[in-house]
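Please keep the sequence and the structure in view while reading.

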Amino acid sequence: MALGYMSSSVCLQEMIRVIRSARTQGEERGVIQRECAAIRAHFRQADSGGRSQNLAKLLYVHMLGYPAHFGQMECVRMIASPRYSEKRIGYLGAMMLLDEKQDASLLITNSIKNDLSHSSQHVQSLALCTLACMGSAEMCRDLAPEIERLLKASNSYIKKKAALCAVHIVRKIPELGELFTPSAHSLLSEKNHGVLHGAVVLITELCEGNPDNLGQFRKAVPELVQIMKGLVTSGYSPEHNVAGISDPFLQVRILRLLRILGRNNDAASDAMNDLLAQVATNTDSSKTAGSAVLYETVLTIMDIKSESGLRVLAVNILGRFLLNNDRNIRYISMTSLQKIVQTDHTAVQRHRGTIVDCLKDQDASVKRRALELSLALVSAANIRTMMKELLLFLSTCPPELRSHAASGIFNAAERYAPSQRWHIDTILHVLITAGGDVRDETVPNLIQLISVASQLHCYTVHKLYRALITDISQQSLVQVACWCIGEYGDLLLKVECDDIEPIQVTEDDVLDALETVLQSHMSSPASRGFALTAIMKLSTRITNNVDRIRSVVSIYGSCIDVELQQRAVEYNALFKKYDHMRAAVLERMPVIDKNSPVQANGDPSGVATKELKVSNPVQEPASQVCNLLDLLGETNTALQNSQNQAKPVPNSVNSSVQENLLDLLGGLEPIPAPTVTVFEKGGLTLKLQSEKQTETGITVTFTASNSTHSDFTNFTLQAAVPKTVQLQMKAPSGDVVPAQGRGTVTQTVVLSNPNKANLKMRVRMSYSTQGTLCQDMVQIDTFPSPACN
């Protein structure tokens, strides 16, 4: 064996050396196990020497991640020892091995209470540190009077630790805060920085935990201002100096407390305005310590009711932070500017150039913050300049930022576009650059914009055609281009176009481009649908290639894609049975009203109705209307027509048409899934609803309601199924069932039944009501069938 035998009586240093010299993890475990066995043997001896040494070795083993819980009782015994060396290692072990959840921690409460009254300040300090580290609520409640007594001690060393211990007690038991309020205020008169730091932290905790204390501690704002001025104007002090800043830790704590006290209070804010201006102008930001103080100053200025000049000064400090070489400082600067850009927009605009430069930073987090801030700075005055920078960033930004950048550019362009042509060009640029990363609603939004800009139809269709024949990998761009070519293909065939350099485009060129989309493996099913519809629409806009269009449509009548096949079959019907109606059916879309309710792509909520505004409506002859209804399957509808003027249709006819249209769409109203009550007792009702069923499984939802006058708390459902069935329980919607049916708790269960065995489930419900634990069980042998839409 490489390590040899390690005696059980080796010292801590020797044990560390042997452990570090272990070549494998197995050797290390072997050393740890032998040493732990030796330590256990020493602990069993009543009067063994070296107790401190053994506990120290056990703490090192604990730091390495090995079990050391068997040393907890030894910590309790050593804390009760009169010797300081043993008491010290005992308290250290208690802080490392014990926590408030373990019963052993209650055994040291009496020892801590005795040590808090010890004559030695070092023993008192050990007890204070341990209580502040792992004191439970019970310990804090028992020892709070002792801590309050030590806050009035004459020893600064003890008062400092007592203040931090009081902070722990207030966090554990907020209602004990009033016990420490008078002492906390009196500690501000101390000169010792440690005591002041503890006092400020304690007052901060008291104010955050109980807003009623704000009024009392606002009286201490002049004292805090005076302490802060003393720190800012004091000379060099080796004891407190950090990189040329006098005690920056205390300064940051005071500024944070001033921010809490000055929030929404004019008097307190006025009292600290001069101080904040002095700190902002006299603090050196070349070092990290100075930057920390300045950053806290800025946050305080922005959060209180400060003067406008002071807020501009704060924004300028953040602007200086943007030039710092430290990326962390640049990041927190932009984070702060993001919060105030809406209220101090003009002041932040002065640093727009620096913010835009941060878009070129190598750090992804800095880039993200710079992008968010740049988008927030876009306005009608700088839209063209900022959009150039944002589009340049979009072409080089990381993939994870493209979607966010594209959405921000779309929103800014919609709000501040100087012209419709500029708006269309900007969105097309985004689609060409990052068409695969835009949101689903981009396509219908751009289509609406194009339809409204009637004077730009020729320009837009030419530009989209050129983009389509250049690159068909960007699906959003392909879909918009196909729609535009289908609607305005006749304008594409015209050579003259005022706004763009003309190119010669033939009918075959246009059809070739659309067929390329149909046949490309890069095209999505939605893009193919757009392309097929565009080809069909071109049959009424071109004259020489109608037979080619008919052939293409016929081919896709047997396509494996059901959606594409359905389109092709319907278009074939137009060619064969209703060719006389084809021109009317395939005419240009009217101008789309942007405010009409349009369903976004992928929304499963149901069928949405799109309302269209027609600028010059043309009255269709009644015969054509009848033919349209006949195409939809309505053959028996009679419309009255006299002198080529449409008369009101009777309600019965309207109802019949509407019902047939709804039937064509498969029904707009989904049939709710059946619900079965599987348990009802003692005011608790449990209902079962089948959401989804497949050949090998079913998804069900349990709904629990409460008809009693008291809430059911800690409500849980447990389910058991046969071994051949796999069960997955989703997270419940809550664990409290409100009384008197004011709410419900739902939980979804997924059952997988690959062997198609008979499904059975046993469900146990557990809950508490008025302090009483209740349990009930129910067996479910049959499951309702899900709804069919």
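The model is predicted. The protein has 789 residues, and 46% of them are buried. It contains 34 helices and 12 strands.

**The protein as a whole**

- The accessible surface of the protein is about 40300 Å².
- Carbon and sulfur atoms account for 49% of that accessible surface.
- Where contacts in the protein link residues at least 6 apart in sequence, 64% of these contacts join residues at least 24 apart.

**Helices α24 and α25**

- Helix α24 spans residues 420-434, and helix α25 spans residues 442-452.
- The two helices pack at an angle of about 150°, and their axes are 11 Å apart.
- Because an angle over 145 degrees counts as roughly antiparallel, α24 is described as roughly antiparallel to α25.
- The crossing in which α24 passes α25 is left-handed.
- On the α24 side, the contact is made by Gln420, His423, Ile424, Ile427, Leu428 and Leu431.
- On the α25 side, the contact is made by Thr442, Leu446, Leu449, Ile450 and Val452.
- The residues of this contact comprise 8 nonpolar and 3 polar ones, with no charged residue among them.

**Arginine 259**

- Arginine 259 belongs to helix α14, which covers residues 248-262.
- Is arginine 259 buried or exposed? Its relative accessibility is 13%, and buried means under 20%, so arginine 259 counts as buried.
- Leaving aside residues up to four places away in sequence, arginine 259 touches Glu296, Leu299, Thr300, Asp303 and Ile304.

**Arginine 384**

- Arginine 384 lies in helix α22, which runs over residues 383-396.
- The relative accessible area of arginine 384 is 47%. Partly exposed is the class between buried, under 20%, and exposed, over 50%, and therefore arginine 384 is partly exposed.
- Which residues does arginine 384 touch, not counting residues up to four places away in sequence? They are Pro418 and Trp422.
- Arginine 384 and alanine 413 are 29 residues apart in sequence, while their C-alpha atoms are 9.6 Å apart in space.

How values were computed: Residues are numbered from 1 along each chain as its sequence is written. This is a predicted model: local features need pLDDT of at least 70, side-chain atom pairs count only at pLDDT 80 or more; totals for chains, interfaces and linings use all residues. Side-chain values use heavy atoms; hydrogens and water are left out. Axes are lines fitted to C-alpha atoms, for helices over the stretch in contact, and angles run from 0 to 180 degrees between N-to-C directions. Helices (H or I, at least four residues) and strands (E, at least two) are DSSP runs, numbered from the N terminus. Angles under 35 degrees count as roughly parallel, over 145 as roughly antiparallel, 65 to 115 as roughly perpendicular and the rest as oblique. A crossing is left-handed if the near helix is turned anticlockwise from the far one by less than a right angle, and right-handed if clockwise. Contact means heavy atoms within 4.5 Å. Ala, Val, Leu, Ile, Met, Phe, Trp, Tyr, Cys and Pro count as nonpolar, Asp, Glu, Lys and Arg as charged, and the others, Gly among them, as polar. Buried means under 20% relative accessible area, exposed over 50%, partly exposed in between (1.4 Å probe, protein chains only). Accessible areas come from the Shrake-Rupley method with a 1.4 Å probe; for residues, only the protein chains shown count as cover.
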